[in-house]
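Please look over the sequence and the structure shown here before reading the report below.

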Amino acid sequence: MTATTRMRRLAPIFLVAAFASMAGAAQAQKSGGSITVGQELDIPGFDPLKIGVFDTSAETAAAAIFDTLTYLDDKGEPQPKLAVSWTHSDDYKTWTYKLREGVKFQDGTPFNAQAVKENFDRQKDPANKCRCAFYIAFIHDVEATDDLTLVYHLNDPQVNLPALAAAPTSNNVVQSPTAWKTKGDDYNRNPVGTGPYILKSWTAGDRMVLEKNPDYWNKGHPYLDRIILKPLPDAQSRFASLQSGEADIVWDDEYDPDNIQKAQKDPKLTVHSYTGSGAQVYAFNTKTPPFDDVRVRQALVMAIDRKKMSQAITNGLAKPASNPYGEGSWVKCKDDGALPYDLDKAKALIKDYGKPVEFKMVVTATPRGRTIGQVFQQFWKQAGANMEIEQIDQATVVPRAFMRQFQLIPWRIIDLADPDPQMFANFHTGSPVALANYSNPELDHLLEHARVTADVAQRTEDYCAASRLINKEAIWFWTFQNTYYAISTARLKGLPKIHSGVIDVSNVWLE
Amino acid sequence: MLGFVARRLLYLLPVLLAVSLLTFLIASLLPGDLAYVILGDQATPDKVAALRHDMGLDQPIWWRYLGWLGHVLVGDFGRSFRTGQTVLQAVTERLPVSFELMLLAELGALIIGIPLAIACAVRAGSAFDRFVTGTAFSMLSVPAFLSAILLIYFFAVELRWLPATGYVPFSEDPLGNLRCFVLPALTLALGEWPVLMRVLRSDMIATLQEDYIAMARAKGLKPSRILLVHALKPSSLTLVTVTGINIGRLMGGTVIVESIFALPGIGRLLLGSIYTRDLIILQGVVLCVAAGYVLLNFIVDMLYAVLDPRIRHGHA
């Protein structure tokens, strides 16, 4: 993407043709019918104050029950949804949205700027101690200047705010203020939005039934009469349910390669996959030996054969990552400075270090965590380093990271529309998740510059320079990109890209 | 008889008290708590401390336990911090599913196990007996997750006779409800019948050597009548005990089968509450399972009394 096209889309835009663009390509959409979606997890609920943030299963439901201000088109560009247009100030610290007129929540409450503001204020209020507040920390406040005008005042500049507003996360979906006020504790499992589907019934652990919203503001949408969401926790039986027709689309991931590869050969099934931004990553604690020496860190990174690793754990499906941005990101680097796989060099570096390299690596106490740990162990043994696997419970990985009680820890850079929030948090000096305990004025400067620059070419250069620096210093390393999978019957059409692994079925149809 | 019932029911109280205390202690020993789960990647020490304070998790454990117990005594089992569901809601929604699964599984196991046991006992040591006991032994070593997947593959994917996953409430569609329980119940029954079969077989072999059986034979009674009326009843004391204990075990031990077949039962609720450290729900589920276990044992005791008059009259 050139700088000029990017500038153009970030410039004030008024898209009247929103309906046409949302209808997608000129395929013959058919109304009617119902589908069953097989998900991985049980959904705990929808009230951000109760559950903090939505997981991918909850986001699939949220995309049907609620709307967001924008949505991402096939090119990843933000398009109007509940907002019809937006403008920004020159410093990207003030964004003004014009909202859609005549929209009502499913309980009849009118949708307006005040409703969006109340959603924001409720999450932002420190007294509510919501985990969701972290992700809106960069927004100072939201102002409703009139019924349909919403002004965001940011603490830090954000050039991609409309794109970040598209994902159906707990921060972005607009919930009915009347509903949460009147239902109290019961609101969590009785959500009300403006979206294309209305929650009809929900049996915990079994099924959530969503019925078409007859008063949906986007006339002619949605297509299906009914969506049934079911948690099918076991990967094998989830796939079997798809084969036998009990489910029409199921969530999957690359750790279930056999079924994905089987489905690719089956003409009755369609495999949807999307490689987003971000990666599976690992952070060295550079304040603890032996990782206070850059040679050791480089040696360990160079001893990892990602191709072989992908073959071993995902039958070759996992795509190696050489930087923290990934295929799905608009940051494309000619040179990201990735260290090559070079076992001899790794051995030489460790020899050069002179002392025995022995350390512990934290992995989650799951079969997957254990397997990954064992693969690393083998690679590093060949290079002359001894790693001991420390398995800990998923819930305690995060506190260990915050308290820096680790030598090497797994982490994740998730699929977001802009690299800034996570890059700044992960690598800027002093951030609570700058896990490497590493400080470098040059890196800080690159991150600060990238966040206030609008020019895409310039930002790309900043982020690629940051990648080169991080790769060279080997303070974090990346193994695989975030690739998301869904498998459906071939009759299901119109599924958008699986951003962040969220299967958004709110606008699909059956052929 | 009434005194016997009352005494048995009184046992329930100390058992439930001990179980709830133990669950509370063990769950508190797990690393991490609900605050960490809710805060996820935002679990900074100060936020965790604040949230723990809000949820009362910073109180000493005995104080929390007494607080919980106090509420339970007035009938308030609490509400999950995470989902907002009350424990009663969560448990009553899911209990019928697990209950049905366990009944059908045990029924299936008895239907397979009893006839085979009788047949083996009659021809103890024969080729048939050796074949059945051998099969039983190998079935015993097939884990549920394997037999479940094989059954799904065969009956749901290949033959398409039965659904692979899913659940329909009995009130909505009784036949559909039974259809979706066939494979899960069969999976469990395949692991259960060998135990029942072996227990009944050995008891039956012993019974058949009793004098009164020889007497019955001498009197010229029909062999089927001897087996089913004279031999089966006295041989089934151990079977009843084992069945009772197994049912209790199945009540909470169906986690794997419920996950594979996506049944919304209590096992999955239990597992979920452990993963998310949702102590309030966990306590509720464990209490419910424990109460069920004790009640089943009570029923087994009552059945003893029916099967063996000596117990009923206190001469055992």
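Predicted model: local features only at pLDDT ≥ 70, side-chain atom pairs only at ≥ 80, totals over all residues.

Residues are numbered from 1 along each chain as its sequence is written, and chains are lettered from A and ligands numbered from 1 in the order in which they are written.

**Chain A as a whole**

Chain A holds 17 helices and 19 strands, where helices (H or I, at least four residues) and strands (E, at least two) are DSSP runs numbered from the N terminus. The radius of gyration of chain A, taken over C-alpha atoms, is 23 Å, close to the 24 Å that the globule rule gives for 511 residues, so chain A is as compact as a globular protein of that length; the rule itself is 2.2 Å times the number of residues to the power 0.38. Taken along the principal axes, the C-alpha atoms of chain A fill a box of roughly 70 × 55 × 45 Å. Of the 511 residues in chain A, 50% are buried, a word used when 20 or more other C-beta atoms, placed from the backbone, lie within 10 Å of a residue's own. Among the contacts in chain A with a separation of 6 or more, 71% join residues 24 or more positions apart; two residues are in contact if their C-beta atoms, placed from the backbone, lie within 7 Å.

**A buried residue and a buried helix**

A:Ala62 lies in helix 4 (residues 56-65) of chain A and is buried, with 27 other C-beta atoms within 10 Å. Leaving aside neighbours within four places in sequence, A:Ala62 is in contact with A:Phe46, A:Phe54, A:Pro168 and A:Val173.

Eight of the ten residues of helix 8 of chain A are buried, so this helix is largely enclosed by the rest of the structure. The cover over these buried residues includes strand 2 (34-39) and helix 9 (257-264) of chain A, together with helix 7 (144-158) and helix 12 (255-260) of chain B. After helix 8 of chain A comes A:Gly245, whose phi is positive, near 90°.

**Where the chains meet**

Which numbers of residues of chain A and chain B are in contact? There are 38 residues of chain A in contact with 45 residues of chain B. The largest share of the side of chain A that touches chain B, six residues, comes from helix 8 of chain A. By class, that side has 15 nonpolar, eleven polar and twelve charged residues; Ala, Val, Leu, Ile, Met, Phe, Trp, Tyr, Cys and Pro count as nonpolar, Asp, Glu, Lys and Arg as charged, and the others, Gly among them, as polar.

The table compares two pairs, with axes being lines fitted to C-alpha atoms over the stretch in contact, and angles running from 0 to 180 degrees between N-to-C directions.

| Helix pair of chain B | Axes come within | Crossing angle |
|---|---|---|
| Helix 8 (residues 174-208) and helix 10 (residues 223-235) | 9 Å | roughly 125° |
| Helix 1 (residues 2-29) and helix 14 (residues 279-307) | 9 Å | roughly 150° |

The contact of helix 8 of chain B with helix 10 of chain B has five nonpolar, two polar and one charged residues, whereas that of helix 1 of chain B with helix 14 of chain B has 15 nonpolar, three polar and two charged residues.

Methods:
Buried ≥ 20, exposed ≤ 12 C-beta atoms within 10 Å, placed from the backbone.
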